[in-house]
Amino acid sequence: MSLRVADGVVDSDHAHGVVDSDHARLHELGYKQELNRDLSMLSNFAISFSIVSVLTGLNGLMGTGLNFGGPISYIYGWPIAGTFTMLIGLSMAEICSSYPTSGGLYYWSAKLAGPSWGPFASWITGWFNIVGQWALTTSIDFSLAQLVQVMILLSTGGLNGGGYMISKYVVMALHGVFLLIHAILNSLPISMLSFLGQIGVACNFFGCFLMIVIPVVATERASPEFVFTNFNTENQDGINNYFYIFVLGLLMSQYTLTGYDASAYMSEETKDADKNGPQGIVSAIGIAVVAGWVYVVGITFAVRDISHLLSENNDSGGHAIAQIYYEAFMSRYGSGVGAVICLGIAGLAVFFAGMSSLTSNSRIAYALSRDGAMPFSSQLHKVNKQDVPINAVWMSALVAFCMALTSLGSLVAFQAMTSIATIGLYVAYAIPVLLRLTLGRKMFTRGRFTLG
């Protein structure tokens with residue numbers, strides 16, 4: 001794959017012909033400005049933070065954390081994963097400052113690997129990244145469909161009270177509807193997406209700190225000893241090795257802490273990108289780590305019987321976080337309405353996470369196709385009158401829908417999507433950082449955000 005140098009002159013933001021420094025830098029990197037550069041640092045951060053979405057990852061994989069290790073696996077696993085994620089994010093932010101393009105990681109790999117290894121490193125990074133991003137969007141929107149399934153079940157009486165459980169085909173249809181809505185929203189100008197992304201941030205913050213009231217509502221609470229020292233070794237998979245159990249429990253934390261690279265992909269739409277892009281990456285990680293830890297500690301005080309929370313025969317059908325909410329409200333008020341409302345608030349955060357994730361997907365697809373690295377590249381990198389890569393948006397939504405079709409055959413196969421997303425993304429994160437320390441050590445030119 002070769003990086004094409006753009007033809008023509010760089011666009012100007014000013015009527016008097018003053019060339020914007022962001023446009024000039026993009027031209028130096030080999031591209032012309034095609035997307036609308038309208039995002040502030042806050043807007044850039046909002047897109048990344050909405051994808052990281054503490055409520056999306058932790059609520060969706062709470063059962064995994066409880067099954068593998070219980071409280072210890074995430075009470076301590078979360079800050080461990082968060083610390084290493086911040087180190088990765090800082091390394092990526094420094095490279096982003098030097099190469100602020102929508103290509104992000106694969107472009108960085110091309111530049112840092114040099115002319116001999118650049119094409120290979122770039123191709124590997126780009127495809128690990130985009131497949132991981134597609135899997136991430138798939139898992140987010142499918143988890144939203146499953147959340148709606150649980151909300152309907154609980155609002156109609158729960159599994160043991162004659163509640164209505166929608167079929168897997170309806171869940172799949174809901175997944176498709178959410179993707180359709182997200183594709184429509186992503187067809188709007190970036191200024192509108194910026195506004196929606198900030199609403200998503202507000203939903204995440206509100207949801208995280210509202211959910212702390214769950215232990216307060218519950219009439220019975222876990223002891224501090226349980227919250228901070230319980231290690232659950234009785235998992236449903238027959239795994240006895242304590243270290244392996246703990247590592248598997250880390251998936252809940254590590255899956256949640258992905259997607260912050262979106263700040264890099266939005267560089268060509270961000271003002272002062274060589275500063276605001278890196279700040280978006282670092283701030284999204286830092287705030288998510290703090291908010292997430294507060295959330296998991298608070299919600300664990302409402303955990304009583306782990307095996308019951310994970311049982312498919314409980315009122316939520318085995319959805320751990322929904323069962324925690326439901327039991328808390330039922331114990332005090334004799335009604336699960338409050339639990340359904342709380343799940344609805346969490347659902348809003350998941351909805352905006354899916355929207356922002358599709359935004360990120362489409363920018364990677366746009367950049368890869370601009371460099372001729374994807375099938376139908378000539379069509380996928382086109383932008384519409386609103387400067388939106390419209391074909392890349394709808395193609396990414398279609399891929400995310402097709403990937404979820406595996407759930408009709410086996411939920412186990414679908415659950416592998418979370419692993420694909422986590423592993424694929426972190427392979428893509430690691431390659432340019434490794435190249436920065438090896439082949440690109442001497443050729444790397446620092447940007448405005450530097451680690452010294």
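Throughout these legends, a residue is called buried when its relative accessible area is under 20%, exposed when it is over 50%, and partly exposed in between, with a 1.4 Å probe and protein chains only as cover. The model is predicted, so local features need pLDDT of at least 70 and side-chain atom pairs count only at pLDDT 80 or more, whereas totals for chains, interfaces and linings use all residues. Residues are numbered from 1 along each chain as its sequence is written, and side-chain values use heavy atoms, with hydrogens and water left out.

**View 1. A nonpolar patch on the surface.** Tyr-76, Ile-80, Phe-84 and Leu-87 form a nonpolar surface patch, and together they have about 400 Å² of accessible area. Patches are built from residues with over 30% relative accessible area and no salt bridge, with nonpolar side chains (Val, Leu, Ile, Met, Phe, Trp, Tyr) joined within 5 Å and like charges within 9 Å; the areas come from the Shrake-Rupley method with a 1.4 Å probe, and for residues only the protein chains shown count as cover. Phe-84 belongs to helix 6 (residues 77–98), where helices (H or I, at least four residues) and strands (E, at least two) are DSSP runs numbered from the N terminus. Phe-84 is exposed because its relative accessible area is 54%.

View 2. In helix 1 (residues 21–28), the buried residues are Asp-22, His-23 and Leu-26. They lie on the same side of helix 1 because they cover an arc of only 100° around the axis, the arc being that of the directions from the helix axis to the C-beta atoms. Ser-21 and Glu-28, on the other side of helix 1, are exposed. Helix 14 (273–300) is included in what covers the buried residues of helix 1, contact here meaning heavy atoms within 4.5 Å. Gly-30, which follows helix 1, has a positive phi near 110°.

**View 3. The largest nonpolar core and a second one.** A nonpolar core is a set of buried Ala, Val, Leu, Ile, Met, Phe, Trp, Tyr and Cys residues joined through side-chain atoms within 4.5 Å. The largest such core has 123 residues, of which Leu-66, Trp-108, Ile-214, Tyr-295, Ile-324 and Tyr-325 touch the most other members. Helix 7 (residues 105–155) gives the most to this core, contributing 19 residues. Leaving aside residues up to four places away in sequence, Tyr-295 touches Val-54, Leu-55, Leu-58, Asn-59, Cys-208, Met-211, Ile-321 and Tyr-325. A second, separate core consists of five residues, among them Ala-183, Val-388, Val-393 and Ala-397.

**View 4. Salt bridges between separate parts of the chain.** Side chains of opposite charge can pair when their charged atoms come close. A salt bridge is counted when a side-chain nitrogen of Lys or Arg is within 4 Å of a carboxyl oxygen of Asp or Glu, and this rule gives 10 salt bridges. One of them joins Glu-268 to Arg-370, with 2.8 Å between the closest N and O atoms. Since Glu-268 lies in the loop between helix 13 (262–265) and helix 14 while Arg-370 lies in helix 17 (residues 337–370), the pair ties together parts that are 102 residues apart in sequence. Glu-268 is buried at 0% relative accessibility, and Arg-370 is also buried, with a relative accessible area of 6%. A salt bridge also links the side chains of Glu-269 and Arg-363 (2.9 Å, N to O). Glu-269 is in the loop between helix 13 and helix 14 and Arg-363 is in helix 17, so this pair ties together parts 94 residues apart in sequence; both Glu-269 and Arg-363 are buried.

View 5. Ser-53, although it is not a glycine, has a positive phi of about 35°, and its place is the loop between helix 2 (41–52) and helix 3 (54–60). Ser-53 is buried, with a relative accessible area of 1%. Phe-376, likewise a residue other than glycine, has a positive phi near 60° and lies in the loop between helix 17 and helix 18 (377–380). Phe-376 is exposed, its relative accessible area being 68%.

View 6. Tyr-426, in helix 20 (residues 411–437), counts as buried at 15% relative accessibility. Tyr-426 and Phe-128 are 298 residues apart in sequence, while their C-alpha atoms are 8.7 Å apart in space.
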